[in-house]
Amino acid sequence: MRILVVEDERALCETIVRSLRRLAYSVDPCYDGDTAIDLLGSERYDLVLLDLNLPGADGMTVLRTLRQTDRETRVLILSARSEVADKVEGLDAGANDYLAKPFHLEELEARIRSLTLRQFTQNDVVLHCGPLSFDTRSRTATAAGQPLALTRKETGILEYLLLHRGRPVSQEELLEHVWDNSVDNFSNSIRVHISVLRKKLRAALGYDPVRNRIGEGYLIEEEQA
């Protein structure tokens with residue numbers, strides 16, 4: 001899951017970024033509204049955490065600019081403005097949720113889970129594929145009840161494949177949603193991480209649930225009888 005954090009208070013921004021990266025999210029920080037507009041025009045994010053009081057373009061301008069061309073990307077406003085009128089204005093402008101400052105990181109993480117699971121029409125906290133499970137709260141995977149030791153990138157790949165179970169996911173899509181904007185688009189990194197993930201799944205399950213459909217992408221499915 002790829003997240004953009006737009007927050008001009010650098011200490012808070014870095015705290016949020018560290019917290020979310022520990023949960024295996026791919027996170028990009030941004031400290032002003034003009035840069036946020038540029039990033040949202042050139043990169044694809046699943047979720048934007050958006051402060052309203054920003055240097056350059058303010059948060060409402062960022063939100064309205066995004067919604068001119070993109071109605072799908074989830075936006076969670078993080079703001080010290082806690083009046084009902086402020087919340088109504090933000091939600092009417094196209095935000096999906098509004099969290100007043102100060103807030104606890106645990107609540108922020110819960111809001112993110114709620115928004116991203118809603119986005120992919122999942123009702124359960126735990127995603128399943130046969131004996132393979134992924135807990136979106138703890139962001140941990142198990143195979144037949146045994147924990148899987150996965151890296152942050154492997155966790156992100158597995159989550160994205162499970163969220164989109166039933167259709168192939170291309171390398172380009174994984175690049176957009178699991179990697180941050182520091183990765184080289186021509187890097188072999190995705191194939192390497194997928195290869196290692198598949199080996200771990202094969203060792204734990206006795207079979208590889210990830211299929212590679214030539215020309216389409218990667219698909220996760222249960223073992224065929």
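Guide: Helices (H or I, at least four residues) and strands (E, at least two) are DSSP runs, numbered from the N terminus. The model is predicted, so local features need pLDDT of at least 70 and side-chain atom pairs count only at pLDDT 80 or more, while totals for chains, interfaces and linings use all residues. Residues are numbered from 1 along each chain as its sequence is written, and side-chain values use heavy atoms, with hydrogens and water left out.

Visitor: How many helices and strands are there in the chain?
Guide: Both kinds of element are DSSP runs. The chain has 8 helices and 11 strands.

Visitor: What radius of gyration does the chain have?
Guide: The radius is taken over C-alpha atoms, and the globule rule is 2.2 Å times the number of residues to the power 0.38. For 225 residues that rule gives 17 Å, and the chain comes close to it, so the chain is as compact as a globular protein of that length. The C-alpha trace spans about 55 × 35 × 30 Å along its principal axes. The radius of gyration is 18 Å.

Visitor: What percentage of the residues of the chain count as buried?
Guide: Buried means under 20% relative accessible area, exposed over 50%, and partly exposed in between (1.4 Å probe, protein chains only). Of the 225 residues, the buried part is 49%.

Visitor: Which residues touch the most other members of the largest nonpolar core?
Guide: A nonpolar core is a set of buried Ala, Val, Leu, Ile, Met, Phe, Trp, Tyr and Cys residues joined through side-chain atoms within 4.5 Å. The largest one has 47 residues, and helix H6 (residues 152-163) gives the most to it, with 6 residues. The members that touch the most others are Leu-49 and Leu-108.

Visitor: Which residues does Leu-108 touch, not counting residues up to four places away in sequence?
Guide: Contact means heavy atoms within 4.5 Å. With residues up to four places away in sequence left out, Leu-108 touches Ile-16, Leu-49, Leu-76, Leu-78, Leu-99 and Phe-103.

Visitor: Is Leu-63 buried or exposed?
Guide: Leu-63 is in helix H3 (residues 59-69). Beyond four places in sequence, its contacts include Leu-50, Val-75, Ile-77 and Gly-90; Gly-90 is 27 residues away in sequence and 8.4 Å away in space, C-alpha to C-alpha. Because its relative accessibility is 1%, Leu-63 counts as buried.

Visitor: Where is Ala-144, which has a positive phi?
Guide: Most residues other than glycine have a negative phi. Ala-144 has a phi of about 55°, and it is exposed because its relative accessible area is 55%. Its place is the loop between strand E8 (140-143) and strand E9 (146-147).

Visitor: Is Ala-24 buried or exposed?
Guide: Ala-24 also has a positive phi, about 75°. It is found in the loop between helix H1 (10-22) and strand E2 (26-30). With a relative accessibility of 9%, Ala-24 counts as buried.

Visitor: Which ring does the charged end of Arg-10 sit over?
Guide: A charge sits over a ring if NZ of Lys or CZ of Arg is within 6 Å of the ring centre and within 35 degrees of the ring normal. Arg-139 lies over the face of Tyr-25, at 3.9 Å from the ring centre. Arg-10 is 3.8 Å from the centre of its ring, which belongs to Tyr-31.
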